[in-house]
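Biologist: Could you go through this model with me, one topic at a time?

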Amino acid sequence: MVEPNSLSRKLFHAANYSFMIALSLFCLLPFIHIWAISFSDSAAVNGGLVKLWPVDFNLDAYSYILGDSKFGSAFWISLQRTVLGTLINVLLCVLVAYPLSKESTHFPARSVYVWYFMMTMFIGGGLVPNYMTIKAYGLIDSLWALILPGAVSVYFIVLMLNFFRGLPRELEESAFVDGAGHWTILFKIYMPLSLPSIATISLFAMVGHWNAWFDGLLYLNRPENYPLQTFLQTIITQPDMSKLHDVSQMMNVTTRNVKTAQIFVGMLPILLVYPFLQRFFIKGIVVGSVKG
């Protein structure tokens with residue numbers, strides 16, 4: 001057995017921390033490079049002089065994209081989708097996971113429902129049937145076409161029901177003795193104790209909704225209804241520079257400035273939210289995955 005303070009243990013920790021720091025830097029460098037380009041002068045960008053710090057700092061690219069009504073509209077649609085989609089995902093996940101976390105003696109059909117949900121992870125209807133279903137319900141070109149198809153995530157349900165199954169049964173039994181019903185137990189006992197798992201699935205849902213772009217192309221016919229990521233995907237290769245009427249702005253902004261500024265603004269909300277949920281993240285994943 002290796003001693004905790006032995007030389008080999010210290011060398012292992014040093015090598016481990018060095019590797020993780022280097023890996024983190026490699027992950028951060030592309031974002032820093034994008035940030036630097038978005039704040040740099042067009043001449044420096046075209047000359048390939050921008051590395052990890054802005055050259056001839058200016059805000060013209062951000063003035064351009066924030067003044068674009070289409071960008072603002074797409075940003076607002078993505079914000080609505082992320083907030084509503086995350087709330088619906090979490091609520092339905094909790095409502096499904098709670099009964100499925102019960103023992104078969106209390107819920108005899110539990111195994112049938114579990115297998116029913118699990119099968120959807122391996123078998124899908126396909127792209128055309130999904131589109132036909134969305135069209136039949138009259139959701140084409142609406143915000144709900146981006147939210148309702150993925151409202152129930154089986155992966156989230158598995159995480160949450162395993163967390164619920166790990167909670168002491170004595171809490172539920174005591175609540176029943178005191179006259180509480182299932183709704184009271186769920187919302188006043190289970191959910192407050194499940195904040196780590198709820199925060200984890202909320203983070204997953206937020207990232208998924210914010211980064212989704214393909215469903216916008218499928219279900220939305222009008223570009224003005226596109227969420228941000230779909231909007232960026234459609235114009236990132238051909239940004240419309242015709243709105244640059246100021247000569248000084250035309251000199252300081254290039255297509256590459258605009259691209260990087262749009263990308264940076266697009267990922268900024270998730271970067272701001274993640275630190276507030278990080279402390280719940282690891283605990284929620286570990287506890288939700290090992291409880292049986």
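Biologist: Leaving aside its neighbours within four places in sequence, which residues is I198 in contact with?
Modeller: I198 is in contact with V90, M160 and M191, where contact means heavy atoms within 4.5 Å. Please note that this is a predicted model: local features need pLDDT of at least 70, side-chain atom pairs count only at pLDDT 80 or more, and totals for chains, interfaces and linings use all residues. Residues are numbered from 1 along each chain as its sequence is written, and side-chain values use heavy atoms, with hydrogens and water left out.

Biologist: Is I198 buried or exposed?
Modeller: I198 counts as buried, at 12% relative accessibility. Buried means under 20% relative accessible area, exposed over 50%, and partly exposed in between (1.4 Å probe, protein chains only).

Biologist: And where is I198 found?
Modeller: I198 is found in helix α11. Helices (H or I, at least four residues) and strands (E, at least two) are DSSP runs, numbered from the N terminus.

Biologist: How far apart are I198 and F156?
Modeller: In sequence they are 42 residues apart, while in space their C-alpha atoms are 9.2 Å apart.

Biologist: At what angle do α8 and α11 pack?
Modeller: Helix α8 (residues 154-165) and helix α11 (residues 195-211) pack at about 170°, and their axes are 10 Å apart. Axes are lines fitted to C-alpha atoms, for helices over the stretch in contact, and angles run from 0 to 180 degrees between N-to-C directions. α8 and α11 are therefore roughly antiparallel, a term for angles over 145 degrees.

Biologist: Which residues meet there?
Modeller: From α8 come Y155, F156, L159, M160 and F163; from α11 come P196, S197, I198, I201, F204 and A205. In this contact, 10 residues are nonpolar, one is polar and none is charged. Here Ala, Val, Leu, Ile, Met, Phe, Trp, Tyr, Cys and Pro count as nonpolar, Asp, Glu, Lys and Arg as charged, and the others, Gly among them, as polar.

Biologist: How many residues of α8 are buried?
Modeller: Nine of the 12 residues of α8 are buried, including V154, I157, L161 and N162.

Biologist: New topic. How many salt bridges are there in the whole structure?
Modeller: The search finds five, a salt bridge being a side-chain nitrogen of Lys or Arg within 4 Å of a carboxyl oxygen of Asp or Glu. In one of them, the side chains of K102 and E172 meet at 2.8 Å, N to O. K102 lies in the loop between α4 (69-100) and α5 (110-119) and E172 in helix α9 (residues 169-177), so this pair ties together parts 70 residues apart in sequence.

Biologist: Is K102 buried or exposed?
Modeller: K102 counts as buried, at 8% relative accessibility, and E172 is buried too, at 9%.

Biologist: Which residues are linked with K102 in a network of salt bridges?
Modeller: The network links K102, R169 and E172. R169 forms a salt bridge with E172, with the closest N and O atoms 3.6 Å apart. R169 and E172 are three residues apart in helix α9, so about one helical turn separates them. R169 counts as partly exposed, at 22% relative accessibility.

Biologist: What about D141 and R222?
Modeller: Their side chains meet in a salt bridge (3.4 Å, N to O). This pair links distant parts of the chain, 81 residues apart. R222 is partly exposed, with a relative accessible area of 43%.

Biologist: Finally, how many helices and strands does the protein have?
Modeller: It has 15 helices and zero strands. Of the 292 residues in the protein, 38% are buried.

Definitions and conventions
Parallel < 35°, antiparallel > 145°, perpendicular 65-115°, else oblique.
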